[in-house]
Amino acid sequence: MSTIVQKYGGTSMGSIEKIKSVAKKVILEKEKGNDVVVVVSAMGKTTNKLVDLAKEIDLNPDKREFDVLLSTGEQISISLLAIAIQSLGYDAISFTGYQVGIKTKGIHSKSEIESINTDKIKEHLEQGKIVIVAGFQGINEDGDITTLGRGGSDTTAVALAAALGCNCTIYTDVEGIYPIDPNLYPNAKKIDYIGYKEMIEMSRLGASVMESTSVEIGYRKSVPIYVTSSVNDTKGTYITETNDNLNCKDITGVAIDENTSILNVKNILSKSNDMSLIFEILSKENLEIKMINQVASDEGHINLFFVLNKGDLGSIDEAMKKIKIKLNHVEVYQKSDISTISVVCKNINYDVINKIFNIFKENNIDFKQVFTSELSMSFIVDNKYRQRFIELLGVEFDL
């Protein structure tokens, strides 16, 4: 007998009928003789609805209370799934993140898992129960409920698998991992295997099928991760150690981040404490900086470009006001009708670079900024160019 962690996302838990279907899949795993721990997300669009409710009151709600609110979505899911499994004659018990001993650190709404006490889980597994755990949440040293940010249920699942020393299966609404989101590029061909590092880069840059922190945990703790469909009985994708034979194409994939906003601060005095003051303001507003680019302008001045989350618009507005008050000589702009399109591959080489820039040139597509890393090139483009650019990349690189 072995232990396995399964995770079901919001789409898989989107209705009572879907929850009943998940219950049957969980039971099938139990009937194989395995101990089963199930991590679930909130039903369907529940989290979005909770966010909207809070922002009807305040565009920049108190982060502690925001976490208390958002954590309720998963609590509904775990209880309904436990009831569904029990109705089919199997013993199940549900736990919130803090009940099961998931300790977190860091700021509200973007906390990190610090440790997990698996004693309660193991106790109930030994009693033959199916254990259901709320994803996306935990409790900090002050006893406050915290949430883990976008894709936090993936993080919960992989962290639990690491703590229990077992495999992790991520059930989702697609059949595995694709080089491009098939909703945006229907011709995308599913990947059978992908290396941890490339998957981390894809996730970090906006690929929504997995959350980067969860893959990082899998990489550090050597947790085998399998991503597959919660509906169709088809072969999924294994996230594994990098192997040169896993993917022979020029690029691994294209990540699309539509949740992109640019904050542009111009005319910063280079020989001053302007930059440190700007970073201090962004830090106090708890703004996550996805990318940053510095460009020299005329003598003695520089411009900074920050790529931020569009969902943090309330905090971005506050930061802009404070920057203008503190530094009246700078100009501050914000733009949100943009997306980040990132090309990810094992090695960025001149052949890949030439092909990408030829796409821009031959199709009259403009980009506002380009950011590079060891494994990727990211382009900020206006949304009017987004779909066309994605399709051209898919065709050019046979994705």
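A contact here means heavy atoms within 4.5 Å. By that criterion, among contacts in the protein chain between residues at least 6 apart in sequence, 73% join residues at least 24 apart. The model is predicted: local features need pLDDT of at least 70, side-chain atom pairs count only at pLDDT 80 or more, and totals for chains, interfaces and linings use all residues. Residues are numbered from 1 along each chain as its sequence is written, and side-chain values use heavy atoms, with hydrogens and water left out.

**Overall architecture**

- The protein chain contains twelve helices and 18 strands, where helices (H or I, at least four residues) and strands (E, at least two) are DSSP runs numbered from the N terminus.
- Its radius of gyration is 22 Å, close to the 21 Å that the globule rule gives for 399 residues, so the chain is as compact as a globular protein of that length; the radius is taken over C-alpha atoms, and the rule is 2.2 Å times the number of residues to the power 0.38.
- The C-alpha trace spans about 75 × 50 × 35 Å along its principal axes.

**Helix α6 and the residue after it**

- Helix α6 covers residues 152-164 and reaches 18 Å from its first C-alpha to its last, close to the 18 Å expected at 1.5 Å a residue; the expected span is 1.5 Å times one less than the number of residues.
- Eleven of the 13 residues of α6 are buried, including G152, D154, V158 and L164.
- G165 follows α6 and has a positive phi, near 70°.

**The six-stranded sheet**

- An open sheet with antiparallel pairing has the strand order β14-β15-β13-β16-β18-β17; two strands pair if DSSP finds at least two bridges between them.
- Its edge strands, β14 (291-296) and β17 (369-372), each pair on one side only.
- β17 and β18 (residues 376-382) pair in the antiparallel sense over four bridges, and Q369 stands opposite I380 in β18.
- Helix α10 (residues 313-326) packs on the sheet, touching β13 (253-269), β15 (301-309) and β16 (331-344).

**Cysteines**

- The structure holds zero disulfides, a disulfide being a pair of cysteine sulfur atoms within 2.5 Å.
- The sulfur of C168 is 7.5 Å from the closest cysteine sulfur, in C166, which is too far for a bond.
- C166 is buried, with a relative accessible area of 8%, and C168 is buried at 1%.

Conventions. Buried means under 20% relative accessible area, exposed over 50%, partly exposed in between (1.4 Å probe, protein chains only). Axes are lines fitted to C-alpha atoms, for helices over the stretch in contact, and angles run from 0 to 180 degrees between N-to-C directions.
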